[in-house]
Amino acid sequence: MKSIKLDEFKKYVFLSGLQISDDGNFAAYVAAHMDMEENGYKKALYLLDLQTKKTKQLTGEDVESFFGFDGERLLFSARRSTHEKDESEKTFVYALPLCGGEALPAYCFPYPVLKLKMVDKKTALVLHSWKSDPFATLSKEKAEAAKKEEKDYEVFEEIPFWKNGGGFTSRKRDRLYVYNLSTMKSVALTDEFTQVNSFDFDKKSGDILFTKVTYTDKMPIYDELMLMNIKTKKAKRLHAAVDFMYSDARFLNDAIIYTGADGKKYGINQDADIYCMSKTGNDSKRISPANYDKSLWNSVGSDCRLGSGINTFCENGMYYFITTEDDSSYLNVIDSDGGIRKLTNKKGSVDCFAIKNDTILFIGLREQELQEVYLLNKDGMEECLTNHNAYAQKLTKIKPEEFTFENDGVQLHGFVLKPIDYKSGKKYPGILAIHGGPKTVYGSVFYHEMQFLAQQGYFVFYTNPRGSDGMGRAFADIRGKYGTVDYDDLMKMCDETLKRYKSIDKTRLGVMGGSYGGFMTNWIIGHTDRFAAACSQRSISNWVSKFGITDIGYYFNSDQQGGATPWKNQEKLWEHSPLKYADKCKTPTLFIQGDEDYRCFEACAFQMFTGLKYHGCEAKLVLFHGENHELSRSGKPKHRVRRLTEIFNWFEKYLKK
């Protein structure tokens with residue numbers, strides 16, 4: 001067996017975009033890996049023959065995104081010529097016959113394509129990322145000159161004005177268009193102020209179901225469910241009398257099934273319920289049981305994914321969806337009468353899935369293995385169909401040891417990775433890891449950075465404190481309580497781990513986390529001196545300033561801090577801000593931050609770093625140019641190596657001296 005190196009993820013293969021062909025004979029998906037020379041990711045399409053269960057690579061490693069099957073061909077976007085690479089705003093779509101042959105250019109769309117559905121052989125329904133071109137009426141020469149001049153300026157007219165991973169967004173919208181594919185002429189189905197969040201299309205009736213918000217100054221948290229016929233292009237609002245946050249909406253035969261919440265009891269993080277109604281929109285009824293306290297998405301954390309895929313689907317009058325329960329995610333199905341069955345039962349993560357007739361496939365993380373494609377048989381047994389990460393099976397992996405414990409009468413779930421060279425009686429340093437969210441979970445799936453640290457001689461331990469997902473709505477609700485019950489749970493996890501594992505040296509403890517985990521790391525170092533070193537990543541330090549400088553701040557901060565704003569109960573925001581307690585910090589702390597992280601903006605890292613330095617506490621800040629909130633998961637490969645190198649060196653310096 002081979003130990004896991006710091007940069008081992010250079011060899012990992014990341015799977016996404018799983019879909020099944022119309023005839024049910026094939027599946028296709030994207031396989032990606034790191035390109036260290038280009039400091040990016042290579043993506044190729046693979047075809048899985050469901051009869052022979054053999055896979056083959058279909059394309060070069062230049063696929064941008066995977067649109068899916070169109071009869072006997074695959075449509076996908078790529079840039080294969082110098083001309084295409086220079087046209088950054090356009091989307092070039094290639095068609096690849098399933099029977100063999102070369103991929104040929106099929107369509108060129110004027111804007112970035114987010115989703116495409118074929119209406120028929122001559123028509124497509126497209127969701128575009130769109131922003132008006134103020135120079136569209138100018139000649140080509142004058143337009144190019146004007147655009148060059150305008151690069152020095154950015155104009156904001158609304159909030160949010162930027163989006164993590166999406167750059168500046170003021171007056172930018174995702175809009176629905178219908179295209180004549182013969183002429184490539186299009187008609188916009190939504191206006192320039194309407195943001196379409198999702199859509200579904202019913203070929204039989206020609207109806208389009210979509211969720212949207214329309215705004216000019218401030219984007220609201222509630223959206224609307226709309227029904228439009230592609231021929232008449234007239235839209236009507238469904239479920240009209242209710243303020244609602246829709247998470248999904250699909251056609252279920254002649255009915256509509258949708259999920260979402262009103263947020264009245266648990267705020268913006270309230271778990272969604274499942275509803276069904278006819279196309280009239282006047283007979284909506286909840287079909288998930290009244291006591292169904294499950295989270296309708298996959299929130300199991302890992303740093304070994306890239307891309308996404310389908311996580312809800314309708315097939316044969318049934319609605320398929322993913323839930324997070326405790327530390328794992330599962331595939332489920334419900335009928336229109338509310339009959340629910342859990343289809344997968346193994347612990348781990350169902351990352352995305354595809355269904356056609358009786359065939360169910362999913363991309364998942366199982367045990368301590370990396371992603372593969374699995375077939376779910378009728379008896380519930382899982383069959384692995386691919387071996388993209390077969391080499392990783394020869395890597396030494398440490399299985400987390402699990403236990404339960406209580407704090408304030410609440411049951412919690414603990415995980416511990418022992419050092420690779422563990423010997424009873426020997427003392428080892430330990431690191432408490434804290435997940436982001438807070439409404440996500442740690443599970444028993446493979447986590448590269450934790451495995452690496454454990455194989456470098458550290459105990460790594462973690463839990464899902466109150467505020468985490470998977471344990472019900474009341475457990476996840478920590479509005480107005482940040483840094484209180486969650487802090488107590490984490491400290492109890494430390495106490496319980498030290499009690500169970502006598503080999504951990506309590507004088508050589510470290511703490512690390514990103515996003516919410518970064519907030520908690522900042523909070524912890526201002527409230528206890530028990531840690532000898534800390535690493536705070538993409539963190540929150542000041543709820544007051546974060547309100548006005550991040551993509552979600554103006555609604556997330558207020559919701560999560562009990563309705564407080566900088567103008568209403570500002571004291572509440574400051575009370576829960578780690579920066580307030582920076583003068584108490586004694587723990588040497590490393591800050592990791594991307595300068596394009598608009599979810600937890602660099603200002604919070606700068607302020608906390610300044611606070612520690614001002615008060616004489618050892619600190620270091622590493623700022624990554626061009627990286628956003630996803631640095632540890634989908635950042636540039638060299639940056640991911642540098643990030644983990646900085647973390648490792650920091651803990652080596654302070655925990656192994």
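Modeller: A charge sits over a ring here if NZ of Lys or CZ of Arg is within 6 Å of the ring centre and within 35 degrees of the ring normal. This is a predicted model, where local features need pLDDT of at least 70 and side-chain atom pairs count only at pLDDT 80 or more, while totals for chains, interfaces and linings use all residues. Residues are numbered from 1 along each chain as its sequence is written, and side-chain values use heavy atoms, with hydrogens and water left out.

Colleague: Which ring face does arginine 80 lie over?

Modeller: Arginine 80 lies over the face of tyrosine 94, 5.0 Å from the ring centre. The charged end of arginine 175 is placed over the ring of tryptophan 130, at 4.4 Å from the centre.

Colleague: And how many aromatic pairs does the structure hold?

Modeller: There are 43 aromatic pairs. Rings of Phe, Tyr and Trp (its six-membered ring) pair if their centres lie within 6.5 Å; planes under 30 degrees apart count as stacked, over 60 as edge-to-face, the rest as tilted. Phenylalanine 403 and phenylalanine 405 form a tilted pair, 5.9 Å centre to centre with 45° between the planes.

Colleague: Is phenylalanine 403 buried or exposed?

Modeller: Buried, with a relative accessible area of 7%; phenylalanine 405 is buried too, at 5%. Buried means under 20% relative accessible area, exposed over 50%, and partly exposed in between (1.4 Å probe, protein chains only).

Colleague: Which residues form one aromatic cluster?

Modeller: Tyr482, Tyr516, Phe519, Trp523, Trp543, Phe556 and Tyr581. Phe556 is also among the buried residues of α8.

Colleague: Why is α8 called largely enclosed?

Modeller: Because seven of the eight residues of helix α8 (residues 553-560) are buried. Those buried residues pack against α7 (543-546) and α9 (570-575), contact meaning heavy atoms within 4.5 Å. Just after α8, glycine 562 has a positive phi of about 65°.

Colleague: Different topic. How many helices and strands does the chain have?

Modeller: Twelve helices and 38 strands. Helices (H or I, at least four residues) and strands (E, at least two) are DSSP runs, numbered from the N terminus. Buried residues make up 58% of the 657 in the chain.

Colleague: What does UniProt place at residues 446-657?

Modeller: The unreviewed UniProt entry puts "domain: Peptidase S9 prolyl oligopeptidase catalytic" there. UniProt positions are in the numbering used here, feature names are shortened, and annotations may be inferred rather than shown by experiment.

Colleague: What about the phi of asparagine 357?

Modeller: It is positive, near 55°, in a residue other than glycine. Asparagine 357 is in the loop between β27 (349-356) and β28 (359-365), and is partly exposed at 43% relative accessible area. Glutamate 367, not a glycine either, has a positive phi of about 50°. Glutamate 367 is exposed, at 56%, and sits in the loop between β28 and β29 (372-376). Most residues other than glycine have a negative phi, and most peptide bonds are trans.
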